[in-house]
Amino acid sequence: MRKSRQAPAALVVMGLVIVVSARQGEALIADYEGATYGEWVAEGTAFGTGPAKGTLPGQMHVSGFLGKGLVNSFNGGDAATGTLTSPPFTVERTYITFLIGGGGWKEKTCMNLLVDGRVVRTATGPNVVPGGSEELAPGSWDVSEFIGKQAQIQIVDDATGGWGHINVDQIVATDTLPPQPQKNVTREVAADKRWLLLPVKNGGKKCKVEVRAGSQVLRFFDIELAEGEPDWWAPLDVGAWRGQALTLWADKLPAGSKGLEQVRLADEALPKEGFYEEALRPQLHFSARCGWLNDPNGLVFYNGEYHLFFQHNPYGVNWGNMHWGHAVSKDLVHWAELGEALYPDALGPMFSGSAVVDHANTSGFGRDGKAPLVLVYTAAGNPATQCIAWSLDGRTFIKYEGNPVVKNITGGNRDPKVFWHAPTKRWIMALYVERPDKLHTVELLASPDLREWAAVSAVPGDRGGGHYLYECPDLFELPVAGGAGRRWVLFGADGQYAVGAFDGSTFKPEAERLRGHGGSAYYAAQTFSDLPDGRRVLIGWLRAPSPGMPFNQCMSLAQELGLCHTSRGVSLTRRPVRELEALRERSQSFGPDGLEPGGKDPLDGFEAELVELRVACELTPDAVVAVDLRGVPVRYDMAKQELTVARHTTAWPVTGGKLALIVYLDRTCVEVFSQDGLLYAPVAALPDPGLKKAGMAVEKGAARSVRGEAHALRSAWPAR
Ligand code: FRU
């Protein structure tokens with residue numbers, strides 16, 4: 001066991017008698033602002049050799065500490081253990097106050113007050129389940145009964161699993177407790193306008209808020225309520241309760257909080273100016289007006305519109321409060337966001353799922369010959385179940401009173417993808433079911449009417465955490481190019497897929513599963529249901545952050561899927577949908593020309609903020625060809641068979657030296673399609689805002705017959 005005993009540092013350990021702060025009756029015990037722990041003794045490795053300066057490598061963002069330093073036992077991650085013990089001091093004041101965060105394990109991740117070697121007071125952080133927050137919160141002990149006694153403070157990290165660490169800062173001895181946080185704070189508002197605007201401070205203190213009418217809870221969510229100037233205002237539609245008196249309730253607010261008072265009513269959800277023009281607003285890719293977005297949900301064509309629902313946190317720029325956001329489009333390119341389609345309810349937050357048009361009205365939700373649009377989603381409460389909601393206008397969604405339609409199978413079952421199987425005349429649901437032995441299984445269920453479901457088969461997964469078709473399954477049939485029959489494709493959230501046969505009950509893979517993409521920022525893709533032209537179009541979640549914006553993350557471009565024969569068996573191809581051509585504003589074609597190191601740049605003179613580049617060439621075996629789009633490199637190394645996009649490198653097999661690239665550059669991401677759609681790399685990247693130039697060069701070897709088109713694109717916002 002390593003002991004580190006450093007020279008006393010007057011500022012780190014302060015005898016209660018020595019330093020009395022400006023506040024009457026208050027003395028600092030430790031603020032961890034020095035380079036070492038001073039006279040405190042660190043044992044084990046978890047506490048390192050001195051205070052941390054905030055977040056440690058691999059840790060979620062640590063906040064809520066004072067000054068620059070704090071005790072953070074994440075040195076070596078959760079696995080490391082140790083203790084940090086103060087020198088003895090005399091208890092002279094009524095209270096000891098502190099800031100504490102991290103693991104919530106009693107006796108394992110804690111801070112103790114020791115008197116006569118016995119633990120007489122203890123406190124832990126708040127976290128024992130995955131997720132949670134690394135924010136430190138105030139705590140205090142009444143120590144009046146020990147006044148005059150010798151005591152020590154010992155910070156303990158004796159936990160090695162999840163949340164196996166403890167964070168502490170600002171330990172103070174005091175005779176008066178600082179103002180305490182307020183609990184159960186309420187404010188009455190008259191819903192005389194349609195929108196409640198909630199002030200959000202990104203990274204602020206999180207609290208739980210409910211909007212109530214009498215004793216009925218209408219809406220509930222977590223929110224980082226702004227105390228001062230908000231970063232943005234989150235709109236909440238209270239139009240359904242117009243004229244009523246509503247109560248806003250918060251579980252806990254800091255002393256003197258202005259958070260609830262700042263909430264206001266407005267006729268408009270958002271200011272008309274400025275939206276979709278923000279510096280890091282993707283211009284080709286869909287993003288939510290406000291808040292966090294993840295998986296696409298319920299992709300469907302209904303009543304002449306493409307519908308894109310999505311995992312949405314309307315009240316924060318990080319994951320949480322899952323709602324189904326909703327947007328519509330006439331062309332898969334220009335999207336208009338509508339309000340929330342599904343709000344969390346007593347069955348849980350609204351996790352991912354799909355949508356179908358029930359043409360034959362098997363569900364009975366249809367009226368007057370109108371086929372209902374039916375959403376099938378996971379209510380991720382405890383237990384997680386599958387539920388349905390329906391609509392006749394594609395705008396208002398009514399949750400089925402008989403929900404859930406599929407009861408809990410195992411803890412984590414989720415993400416139902418439903419389709420009509422014409423030969424057996426029934427609905428099929430592909431559902432992710434994590435079995436207790438960690439088999440990541442996709443289970444298939446069948447239903448005559450979308451209400452009653454029965455299990456029909458299971459596609460076994462890998463044992464022991466293998467991510468075989470992990471989450472968000474999709475199952476669909478596609479023709480193989482060249483008239484070579486049809487195949488079924490089953491894929492999962494990470495894009496891996498299996499090609500095979502489906503007889504209406506069982507999916508039989510015909511080959512090993514294949515990698516679906518070579519990007520770094522892509523997940524949970526889904527295909528559209530009910531497209532009128534028979535295409536199979538897919539949209540995925542492009543994990544490209546927009547830091548500092550009132551929104552976060554975006555969707556991939558819509559892509560048309562196909563199948564073709566390759567040496568690795570039947571494989572998926574994807575191409576950006578042809579509708580994207582409508583965004584072309586200025587175009588320049590080039591070639592065919594040879595290109596060698598130092599040769600004339602085929603993209604010379606081309607400038608654009610948003611780019612579509614199509615280029616094909618034939619490379620010598622040693623060639624390295626590099627495209628630069630506003631400082632974002634797209635570089636192909638023929639000898640290594642590798643493509644680098646921004647800082648991401650991926651295997652990119654190009655046979656016969658014939659390279660073909662289609663590249664879309666947006667404000668937060670790049671998508672590269674290649675080799676007739678067999679290769680695809682979505683990558684998060686921030687182009688240089690000061691640069692508009694594109695360029696292409698050969699660094700090594702030679703490229704022959706370099707030809708293509710460069711298009712300057714216009715923004716897809718606002719919806720037209
Ligand atoms: C995939 C996922 C889904 C789940 C949803 C929750 O990204 O974890 O499995 O339904 O996100 O937001």
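## Close-up views of a predicted model

View 1. In serine 352, a backbone N or O atom lies 3.1 Å from an oxygen atom of the ligand. This model is predicted, so please read the distances in these legends as computed values. Now look at how well covered the ligand is: on its own it exposes 320 Å², and the protein buries 91% of that.

View 2. Find asparagine 294, where a polar side-chain atom lies 3.0 Å from an oxygen atom of the ligand. Then move to aspartate 295, which has a polar side-chain atom 2.8 Å from an oxygen atom of the ligand.

**View 3. The ligand has 13 residues around it.** The closest of these 13 are Asp295, Gln311, Trp319, Arg414 and Asp415. Which classes of residue make up the shell around the ligand? There are six nonpolar, three polar and four charged residues.

**View 4. Four strands make an open sheet.** Follow the strands in the order S32-S33-S34-S35, and you will see that their pairing is antiparallel. Strand S32 (474-479) and strand S35 (507-509) each have a single partner strand, so they stand at the edges, and one side of each is left without a neighbour in the sheet. From one strand to the next, the twist averages 40°. Zoom in on S32 and strand S33 (residues 486-491): six bridges join this antiparallel pair. Here glutamate 477 stands opposite tryptophan 488 in S33.

**View 5. Another open sheet is built from three strands.** The order here is S17-S14-S19, with antiparallel pairing. Which strands are the edge strands? They are strand S17 (232-237) and strand S19 (264-266), and each pairs on one side only. The twist in this sheet averages 40° from one strand to the next. Strand S14 (residues 195-200) runs antiparallel to S19, and three bridges join them. To find a facing pair, look for leucine 196, which stands opposite leucine 265 in S19.

Note on methods: Residues numbered from 1 in each chain as written. Predicted model: local features only at pLDDT ≥ 70, side-chain atom pairs only at ≥ 80, totals over all residues. Heavy atoms only, no water. Pairing = 2+ DSSP bridges. Helix = DSSP H or I, 4+ residues; strand = E, 2+ residues; numbered from the N terminus. Axes fitted to C-alpha atoms, helices over the stretch in contact; angles between N-to-C directions. Near = heavy atom within 4 Å. Polar contact = N/O pair within 3.5 Å; in protein donor to acceptor, adjacent residues only side chain to side chain. Areas by Shrake-Rupley, 256 points an atom, 1.4 Å probe, with all protein chains shown as cover. Nonpolar A, V, L, I, M, F, W, Y, C, P; charged D, E, K, R; others polar.
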